[in-house]
Amino acid sequence: MSSSEESIRLAAGDAELTINPANGCRIGSLRIGGTELLRQGARYGCFPMVPWCGRIEHGQFRNGGVVHQMPLNSPPHAIHGTGRDTAWRTARAGAGEAAFTYDLVDPWPYSGRVTQTFELTEDSLSLALGVETYDTSFPAQAGWHPWFLRTLNGSKAGIDFAPAWQEERGADHLPTGRRVPPSPGPWDDCFGMPDGVAVTLTWPGELELKVTSRAEWVVVYDEQAEAVCVEPQSGPPNGLNTLPRLVTPVEPLEITANWTWRRL
């Protein structure tokens, strides 16, 4: 493990993971045998979506009788939470594992703490996010937004998954509330997988990578030429309004995900 003000590096076998706590505690790099798997750049890599995932309609959500307004960072909506835009503290860092925290502050209207952990082995990465409060209860979501490179060493990624349904997407990019049969891609869509997220990316002749989670929701985004996003999350886009999950002093929000890979 090596660290600097900007990054912490984990290693196991020929796998190398770089985490940038100052830039939203995102994964800046994942290299397997020297091959980079993630799109590079300050906006990319893999960032945590917390305390919400995807878009909130017009940036507004309700907690009881109180309506809150989030900044419209993707007009006319608010998108992907505040965790990716703040610096996190390093709680611990070892050769193959690390943990980070940050405290919820404005513009999020409630106090709480977010924890993110990473555990790297030679053929897997385990991720965990937790949101807790010791004060007022509030709705929240958590998940990850990885930007996997579409092409590795000239080989283009294929996507294989079997969702139970697709959330119909309206013209405003929000789910309409209707569940429809899964459609062919390209996608910028949320899918329901009630037995847990299971999505396989395959770069023929190069690598197979499986994204799994006990969470029941995944957004797949593959409308860009450079990358494919497979985003396990604790609820659907706009879920603070349509499917609120309360974080309470006795019940934190927790989500885990695993990436496992093998050479082809």
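A residue counts as buried when its relative accessible area is under 20%. The structure shown in these views is a predicted model.

**View 1. Cys229 in the predicted model is buried.** Its relative accessible area is 0%, which falls under the 20% limit and is therefore classed as buried. The closest cysteine sulfur to that of Cys229 belongs to Cys46 and lies 9.2 Å away, too far for a bond.

**View 2. Cys190 takes part in no disulfide.** The nearest cysteine sulfur is that of Cys53, at a distance of 9.5 Å. Cys190 is buried, and its relative accessible area is 3%. Across the whole structure, the search for disulfides returns 0.

**View 3. An open sheet is built from 8 strands.** The strand order is β11-β12-β13-β14-β29-β25-β24-β20, with antiparallel pairing. At the edges are β11 (89-93) and β20 (158-160), each of which pairs on one side only. From one strand to the next, the twist averages 15 degrees. Strands of a sheet pair through backbone hydrogen bonds, in either a parallel or an antiparallel arrangement.

**View 4. Strands β25 and β29 pair in the antiparallel sense.** Strand β25 covers residues 207-213 and strand β29 covers residues 253-263. The two strands are joined over 6 bridges. Thr212 has Asn258, in β29, as its bridge partner.

Terms used. Residues numbered from 1 in each chain as written. Predicted model: local features only at pLDDT ≥ 70, side-chain atom pairs only at ≥ 80, totals over all residues. Heavy atoms only, no water. Pairing = 2+ DSSP bridges. Helix = DSSP H or I, 4+ residues; strand = E, 2+ residues; numbered from the N terminus. Axes fitted to C-alpha atoms, helices over the stretch in contact; angles between N-to-C directions. Disulfide = S-S within 2.5 Å. Buried < 20%, exposed > 50% of the residue type's maximum accessible area, 1.4 Å probe, protein only.
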